[in-house]
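Me: Hi! Could you walk me through this fold before I start working with it?

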Amino acid sequence: MIGSHHAPSARLPRGCVIALHCSLGSGRQWARLAEELGGNYRLIAPDISGYGSNRGSVVLPMTLAEEVASLRERIAQAEGPLHLVGHSYGGAIAFKMATQSAFASRVRSLTLIEPVLPTLLADSDADGRLHRQFAQLARELSFDLWNGLAMEAIDKFMTFWNGSGPPEKLSPEARLRMIAHADKLAFDFTAALAEENVATAAAGIRVPTLLFSGGLSPNLTQRIVARLASLIPGVDARHLPGAGHMLPLSHGKLINPEIVRHIARADDFAQASLASGFAAAALRLSPVPQ
């Protein structure tokens, strides 16, 4: 007589949240998200190369792939699956990490908040002008920075990202911090404008994906989010009409709980898939009636 078999029970690890900040920012941007996550997940919020405490490298990244590589040591500290959260330029890096990097197979969920992926719009007659405007801004900023006009570059940068929202008033301390990191801006623009095959990469995403955009943000990032929403299978896209590009800070109370729920749903989905696999295995091993 063939003995009966039982499906083993297992619980998948909940994984680690990797949160990537915007240009001229730092990992401190995600303090409120850390509070929302509580003790349920480990959060790693590294300073992207050239920002915060991560200014030691002589050679700065000039592609998104190089940005991912520069974060490899920090991300290697994460155990288990990865839940990626990225805002603006950090969103572009998270997108690259989830689609074309050594970490892609470990990604369990993806949250992108107005990722800077301008080449997604380059081949569209309707959106091509937005790509050209962004490329022109990049040239102007690089010119200012090359000529030592860091404050002029920052003013242009801030004006663009304010979109149709009110101008952001910066404290003298904030201005000094931005001036100290301004040179990295040219590298960020270069990397974003060098990225190719974004549409193909987006269409290949197979993990739960959450997108956010703000109605007061630049038309560029609103259109990028709209295009991504049309390409990524099963995406959950949220639009906040009264929010601007800095919605992780201005609307953190609204979006952070949504991010945490999205991560938890992705874990539940992975657990359900594991259980289904065990059930299917049990059926295959069940004794055949004689």
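Me: Great. What kind of model is it, and how are things counted?
Reply: This is a predicted model, where local features need pLDDT of at least 70 and side-chain atom pairs count only at pLDDT 80 or more, while totals for chains, interfaces and linings use all residues. Residues are numbered from 1 along each chain as its sequence is written, and side-chain values use heavy atoms, with hydrogens and water left out.

Me: How many helices and strands are in the chain?
Reply: The chain has twelve helices and six strands. These are DSSP runs numbered from the N terminus: helices are H or I with at least four residues, strands E with at least two.

Me: And how much of the chain is buried?
Reply: Of its 290 residues, 49% count as buried, meaning under 20% relative accessible area with a 1.4 Å probe, protein chains only.

Me: On to the sheet. What is the strand order?
Reply: It is an open sheet of six strands, ordered S2-S1-S3-S4-S5-S6 with parallel pairing. Two strands pair if DSSP finds at least two bridges between them.

Me: Which strands stand at the edges?
Reply: Strand S2 (42-44) and strand S6 (236-240) do; each has a single partner strand, so one side of each is left without a neighbour in the sheet.

Me: What joins S4 to S5?
Reply: Four bridges join strand S4 (residues 107-113) to strand S5 (residues 209-214), and the two run parallel. Leu-112, for instance, has Leu-211 in S5 as its bridge partner.

Me: Which strands does helix H4 touch?
Reply: Helix H4 (residues 89-99) packs on the sheet and touches strand S1 (16-20), strand S3 (82-87) and S4. Contact here means heavy atoms within 4.5 Å.

Me: Changing topic: how many aromatic pairs are there?
Reply: The count comes to six aromatic pairs. Rings of Phe, Tyr and Trp (its six-membered ring) pair if their centres lie within 6.5 Å; planes under 30 degrees apart are stacked, over 60 edge-to-face, and the rest tilted.

Me: Which residues do ring pairs link into a cluster?
Reply: Phe-134, Phe-157, Phe-160, Trp-161 and Phe-189.

Conventions: Axes fitted to C-alpha atoms, helices over the stretch in contact; angles between N-to-C directions. Buried < 20%, exposed > 50% of the residue type's maximum accessible area, 1.4 Å probe, protein only.
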